[in-house]
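User: Hi! Could you walk me through this model? I'd like to hop between topics as we go.

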There are 2 protein chains.
Amino acid sequence: MLVNGQSSETISVQDRGLLYGDGVFETILCEGGRPVLLAGHSQRLENGCKRLNLPRQDLPTILSDIRQVAGDDDCIVKVIITRGAGARGYKYSQNNNSTRIVYRDEIANFPIEYYTQGIQLTQCEHKLAENGALSGIKHLNRLDQVLARNEWDDEYQEGVMLDNRGNVVEGTMSNIFIEKNQQWITPKLDHAGVAGVMRQWIMRNSYHADMECLEESISLSDLQTADALFVCNSVIGIWPVASFAGKDYSVSDATKIVMSHIHDNLSKFYLV
Amino acid sequence: MLVNGQSSETISVQDRGLLYGDGVFETILCEGGRPVLLAGHSQRLENGCKRLNLPRQDLPTILSDIRQVAGDDDCIVKVIITRGAGARGYKYSQNNNSTRIVYRDEIANFPIEYYTQGIQLTQCEHKLAENGALSGIKHLNRLDQVLARNEWDDEYQEGVMLDNRGNVVEGTMSNIFIEKNQQWITPKLDHAGVAGVMRQWIMRNSYHADMECLEESISLSDLQTADALFVCNSVIGIWPVASFAGKDYSVSDATKIVMSHIHDNLSKFYLV
């Protein structure tokens, strides 16, 4: 584990990342030490720092930290940037340092059936509130996701989160796509949600599966009338949805194509 | 500084308090080592743990920690309870330990004019979203307050935060009361906001100033037509508002009475 480039497993109890969730993070799959989707992660981190007025980060330094903790291994690397320790209170100083935390976790091993047959999806009771100033950013205020994910145990693999108006936003740890009439549609994230790196990659590469991909408002009934559904993130890749709200879905041909594509082009850990 | 009762200035970088803001906190004024408004702080902490399904805390242990860090001194003690370190992901284990952090800060010395003449109040652009599951709790997801407080520097002492519907909720670090027709009205906090310990104390003790106190929805125009305004929290006590949105307010007699009352009964640090 590295904290500001130095070997450490701890941070100050006065770090604003702890006190206020004042920071951003990325969770990056590394295959043989190579960070997968690095450009997307870097861009989102940089954008998040800009939106929260965090000090601009030196991306080569972060990459060097990632390489140091990952070595040549398959692993998950977490990068956290906080506003560091400062005076008490919400006001921050413009010359606050930031804290850069980089550490590795074990690679996640998910059952092959999640990829081949799909997952059980549920609907979370807990709603996401509209907060345009924070939408899209992967910030450290994640109590919404904690509350939503803990509504169930292991009977489902993911849960759909709605906003206060009833629109579908995302999963607790993933983005969601619906397939309908040879189109993929994923919720717009202008007022809530995290702009996933895998989501972005799929939107840009949907043409490989001969699919058009749109960002639109999606309702629960859109999910129920979809031809197919999948969820995605940069650690799991793509999980097709096998069932949601009493309806069974099969894995569409287009989903299979894009799953093969991310397996062949991004990482073998994105199973097909 | 104490972490789980042991002397330490750091916590694990894998603590969920840092990773997700998964925890609650209290900021307690101590006068000569005595925690002021302890019952209110304890109740809110206990209630917050219950609402977030955090392990139940042993209040005598927390009080013992507070006494240890405060000694016989005047200081501010911060108590943070997090869900501790656990496996990666939003799902938590029911047998997760919690992390208990207790440390002290210097006493805050505010200009006497904030009490005698009142403060300059502004209106924050950043809005609070509706989130009934988290309303009232003093949890660690405080990016809304960080963004709002950093809209200005030192030209104001506090800013009013509205919800997405335009209702007044609170200040960035305080609750707000308006005075009108011999009544105090403070916003209901059923869908956003922190249920302040000083707010609660004032509501219960308003009769000492011959005032009725109500919780209601408050709009910006209610602020502008009020006879007087004040903000409060358990560190500052009560700050009357001298000006807001181009209007000047004077310190009402009822405000002076309740300020004297908290000074005489709670702490000499609540200036009059």
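**A chat about the model**

Analyst: Happy to! Let me begin with a turn: in the hairpin of S4(A) and S5(A), with 2 residues between the strands, Gly32(A) takes a positive phi near 55°. Bear in mind that this is a predicted model.

User: Good to know. How many bridges join S4(A) to S5(A)?

Analyst: There are 2 bridges, and the strands run antiparallel; S5(A) covers residues 34-35. Within that pairing, Glu31(A) stands opposite Arg34(A).

User: Which other strand does S4(A) pair with, in the antiparallel sense over 8 bridges?

Analyst: That is S6(A), residues 75-82. One pair to look at there is Ile28(A), which stands opposite Val77(A) in S6(A).

User: And how many of the 9 residues of S4(A) are buried?

Analyst: 7 of them are buried, so S4(A) is largely enclosed by the rest of the structure.

User: OK, zooming out. Where are the domain limits in chain A?

Analyst: Domain 1 runs over 2-105 and domain 2 over 113-265. Taken over C-alpha atoms, the centres of these two domains of chain A are separated by 26 Å. Their contact takes 18 residues from domain 1 of chain A and 12 residues from domain 2 of chain A.

User: Which elements supply at least two residues on the domain 1 side of that contact?

Analyst: Strand S4 (23-31) and helix H2 (38-51) of chain A each do. S4(A) gives the most to that side, with 7 residues.

User: How many residues are in contact between the chains?

Analyst: 40 residues of chain A are in contact with 40 residues of chain B. On the chain A side, strand S3 (10-12), helix H1 (16-20), strand S7 (99-105) and helix H5 (143-149) each supply at least two residues. H5(A) gives the most to that side, with 5 residues. The chain A side divides into 18 nonpolar, 14 polar and 8 charged residues.

User: Which strands are joined by bridges from one chain to the other?

Analyst: S3(A) and S3(B), residues 10-12 of chain B, are joined by 3 bridges and run antiparallel. There, Ile11(A) has Ile11(B) as its bridge partner.

User: What is Leu2(B) in contact with, beyond its neighbours within four places in sequence?

Analyst: Its contacts are Ser7(B), Asp65(B), Gln68(B), Val69(B), Val102(B) and Tyr103(B).

User: On to the nonpolar core. Which of the 162 residues in the largest one touch the most other members?

Analyst: Those are Val79(A), Phe177(A), Leu229(A), Val241(A), Val77(B), Val79(B) and Leu229(B). To take one, Val241(A) touches Gly118(A), Ile119(A), Leu121(A), Leu229(A), Phe230(A), Val231(A) and Tyr249(A), leaving out residues up to four places away in sequence.

User: Last one: which residues of H6(B) are buried?

Analyst: In that helix, residues 197-205 of chain B, the buried ones are Val197(B), Met198(B), Arg199(B), Trp201(B) and Ile202(B). What covers them includes helix H2 (38-51), strand S11 (175-180) and helix H8 (253-265) of chain B.

Notes:
Residues numbered from 1 in each chain as written. Chains lettered and ligands numbered in written order. Predicted model: local features only at pLDDT ≥ 70, side-chain atom pairs only at ≥ 80, totals over all residues. Contact = placed C-beta atoms within 7 Å. Helix = DSSP H or I, 4+ residues; strand = E, 2+ residues; numbered from the N terminus. Nonpolar A, V, L, I, M, F, W, Y, C, P; charged D, E, K, R; others polar. Pairing = 2+ DSSP bridges. Buried ≥ 20, exposed ≤ 12 C-beta atoms within 10 Å, placed from the backbone. Domains from an automatic or database assignment. Core = buried A, V, L, I, M, F, W, Y, C linked by C-beta atoms within 7 Å.
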